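Here's a quick tour to follow with the structure open beside you. Take it topic by topic, and find each residue as it comes up.

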Amino acid sequence: MDIKYVEQLIVLFKQFGLQELHIESPQGKIICKAPSGEPIFQTAKNDCLPKEYYCAPIENTTPPTQTENIGLAVRSPLVGTFYRATEPGATPLCTVGQKVSEGDPLGLIESMKVLTLITAPISGTVESILIENAQGVEWDQALIILKPL
Amino acid sequence: MKDKILIANRGEIALRILRAARLTNLSPVMIHSQADRMSLPVRSADESVCVGPGQSNKSYMNPQALIEAARITKARYIHPGYGFLSENANFADLVEKEGFIFIGARADSIDLMGNKSKARAFMMSQGVPCIPGTAAVGIEDDLTPIYEQADRIGYPLLIKASAGGGGKGMQIVYDRAELLSQIRAVQHHALQAFHDSQVYLEKYLSHPRHLEVQVLGDGHGQVLHIGLRECSIQRRYQKIIEEAQPVNLPDHIREKMLSVALHACRQIAYRGLGTLEFLYQDSEFYFIEMNTRVQVEHPVSEMISQCDLVKLQLQVAQNERIPIKQEDIHFQGHSIECRINAEHPATYMPMPGKLKMLHAPGGFGVRFDSHLYTGAEITPLYDSMIGKIITYGSCRYEAILKMRQALSECVFDGLTTNQTLHQKILEEDDFVNGQYDTTYLNTHSFF
């Protein structure tokens, strides 16, 4: 590999303030990483997906399940990313302590560019929200606990 | 040294472009997100550059990262594929300003066709029939002139929010008496949903067919057509089965559709591959939009014309001329494409997962365009389309028979796909007889 090429790369890497750069070619592989600081590209859990998914055919919604006297867990009907609001910066569809009626929207799950609305299976109070905004969710994962009225 | 082509996409279309690059003496450079590091196109490329994390807005849709990838690898061409930045005029502009060749339409064409009302006005000025409609009216506007226009178009009418799309913010109105209340209702809804109360009326087509014309231009006024396609089998306003050529279509309609499409494209000296989409009902056709890029369903046109459309697209970019003439293109036989999606066959709910074992279909006149392999992960980050089965037969019925067999040979073990839905459609009488329109999946129940 030409050392001049590597030098040029380092200059460009710094010039554009990149945090990480991978180049692969038949001549070899180069990985440049910035020494420290906040990464530009988020590499957290969000895009590290679970290795195996449970993919049985399912109906539109998964029935809520009773968790010992705490309330009803609203579960994810699919694998995707959970959002609390309809668009970035908008008011969350539900907050802890809020009273909701059956059918009210609680959040959204984005999967494969399709948004699926998660609605309240019963009327009740939002007891807790178990997941952060924009986090990955798995099939059947508990999202929100509702306390029946 | 070979010129390099940066393929700014993923999945099956990335592989499709890569294969065409091999035929045109171009060295393929793949960009990819962290999630696609192990993908087939990345492994098949001469070079690859990671441009960001899994989320497409930070990787595949990050113009600056793509430009840097092209600069670092010294690429000459950038191919945007479909989706992502393929119809983004600013990106096309940026690519050319930075000194690369954008394999696609010029920014001015993308801009013209990307704006619904501008595209419509242009097409009407060129004599291309459009769906009769009215001007937009806001919540404060007087509705008197609208009544007159509505009467002229005739009921039923569709009220559409100017800022809506994909079936959102629409309402059918059947007679004059309900017009006022329905317009106000849609305006209120539009104001809440899109912060814009503007709505317009359009002739309502209750059972249109979706037909389209494939074009290829050299950017200097030379434009060819590569026939028509029928794409009426749709779910959620997205195509799942396409065919070429459309059946049960009168010759004079076919000829007129081709000639208006070519005329409009010549007027703007269209460059690259493009598709003009039309709705067809009661012996009338109406322009709806133009896609200024390669389309998912391009293989059915390739099969019946024996033209490699992506190769032609690259050749046009390399030489600024089309290497074939219209009279060299002959259509023969029939082709059908089934899009295989990782989704529930009845509810269409997305179903990401891991493909434990893949068995692809085969045989004479059977083509499987896919980036999948045994062990591949299908992530929730991207579109659910995981491959396309394309069959070619000497007649439509033979293409159907081949598709039935191909669908029965396919194994996508570990994934839920719409394979069974395709199998049911391919056995259904209305489909087999070529008697269908865009309402097909709403009027036929398979599960």
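Predicted model: local features only at pLDDT ≥ 70, side-chain atom pairs only at ≥ 80, totals over all residues.

E320(B) sits in the loop between α11 (309-319) and β14 (334-341) of chain B, and its phi is near 55°, a positive value in a residue other than glycine.

- N25(B) is not a glycine either, yet it has a positive phi of about 60°.
- You'll find N25(B) in the loop between α1 (11-23) and β2 (26-33) of chain B.
- Y155(B) and P156(B) are joined by a cis peptide bond, with omega at about 0°.
- P156(B) belongs to the loop between α7 (144-153) and β6 (157-165) of chain B.
- A cis peptide bond also links A244(B) to Q245(B), and here omega is about -10°.
- Look for Q245(B) in the loop between β11 (238-244) and α9 of chain B.

- Y373(B) is in the loop between β17 (366-369) and β18 (377-378) of chain B.
- Is Y373(B) buried or partly exposed? With 23% relative accessibility, Y373(B) counts as partly exposed.
- Leaving aside neighbours within four places in sequence, Y373(B) is in contact with M38(B), S39(B), L40(B), R43(B), L355(B) and L358(B).
- For a sense of scale, Y373(B) and E98(B) are 275 residues apart in sequence and 36 Å apart in space, going C-alpha to C-alpha.
- Q435(B) lies in the loop between α14 (429-432) and α15 (440-443) of chain B.
- Not counting residues up to four places away in sequence, Q435(B) touches N248(B) and D430(B).
- Between Q435(B) and I340(B) there are 23 Å in space, C-alpha to C-alpha, and the two are 95 residues apart in sequence.

**A pair of packed helices**

- Two packed helices are described by the angle between their axes and the distance between the axes.
- For helix α4 (residues 89-97) and helix α5 (residues 107-114) of chain B, the angle is about 175° and the axes are 8 Å apart.
- That makes α4(B) and α5(B) roughly antiparallel to each other, because angles over 145 degrees count that way.
- Which residues of α4(B) meet α5(B)? They are A89(B), A92(B) and D93(B), and they meet A107(B), I110(B) and D111(B) in α5(B).
- The residues of this contact divide into four nonpolar, no polar and two charged.
- Within α5(B), the buried residues are A107(B), S109(B), I110(B), L112(B) and M113(B).
- What covers the buried residues of α5(B) includes α4, β5 (101-102), α6 (116-125) and β13 (284-291) of chain B.

- The domain assignment of chain B gives domain 1 (3-103), domain 2 (132-203) and domain 3 (209-443).
- The centres of domain 1 and domain 2 of chain B, taken over C-alpha atoms, are separated by 41 Å.
- In soluble globular proteins, nonpolar side chains tend to be buried together.
- The largest nonpolar core has 55 residues, of which I78(B), M123(B), V215(B), L276(B), F278(B) and F287(B) touch the most other members.
- Helix α9 (residues 251-267) of chain B gives this core its largest share, eight residues.
- Domain 1 (3-103) and domain 3 (209-443) of chain B each supply at least three residues to this core.
- Apart from this core lies another one of 35 residues, with C338(B), I389(B), F412(B) and L421(B) among them.
- Back to M123(B): leaving aside its neighbours within four places in sequence, M123(B) is in contact with M113(B), V128(B), C130(B), A264(B), L276(B) and F287(B).

**A look at chain A**

- Chain A has one helix and 11 strands.
- Going from the N terminus, the elements of chain A run α-β-β-β-β-β-β-β-β-β-β-β.
- How much of chain A is buried? Buried residues make up 33% of its 149 residues.
- Take the contacts in chain A between residues at least 6 apart in sequence: 55% of these join residues at least 24 apart.

Notes: Residues numbered from 1 in each chain as written. Chains lettered and ligands numbered in written order. Heavy atoms only, no water. Axes fitted to C-alpha atoms, helices over the stretch in contact; angles between N-to-C directions. Helix = DSSP H or I, 4+ residues; strand = E, 2+ residues; numbered from the N terminus. Parallel < 35°, antiparallel > 145°, perpendicular 65-115°, else oblique. Contact = heavy atoms within 4.5 Å. Nonpolar A, V, L, I, M, F, W, Y, C, P; charged D, E, K, R; others polar. Core = buried A, V, L, I, M, F, W, Y, C linked by side-chain atoms within 4.5 Å. Buried < 20%, exposed > 50% of the residue type's maximum accessible area, 1.4 Å probe, protein only. Domains from an automatic or database assignment.
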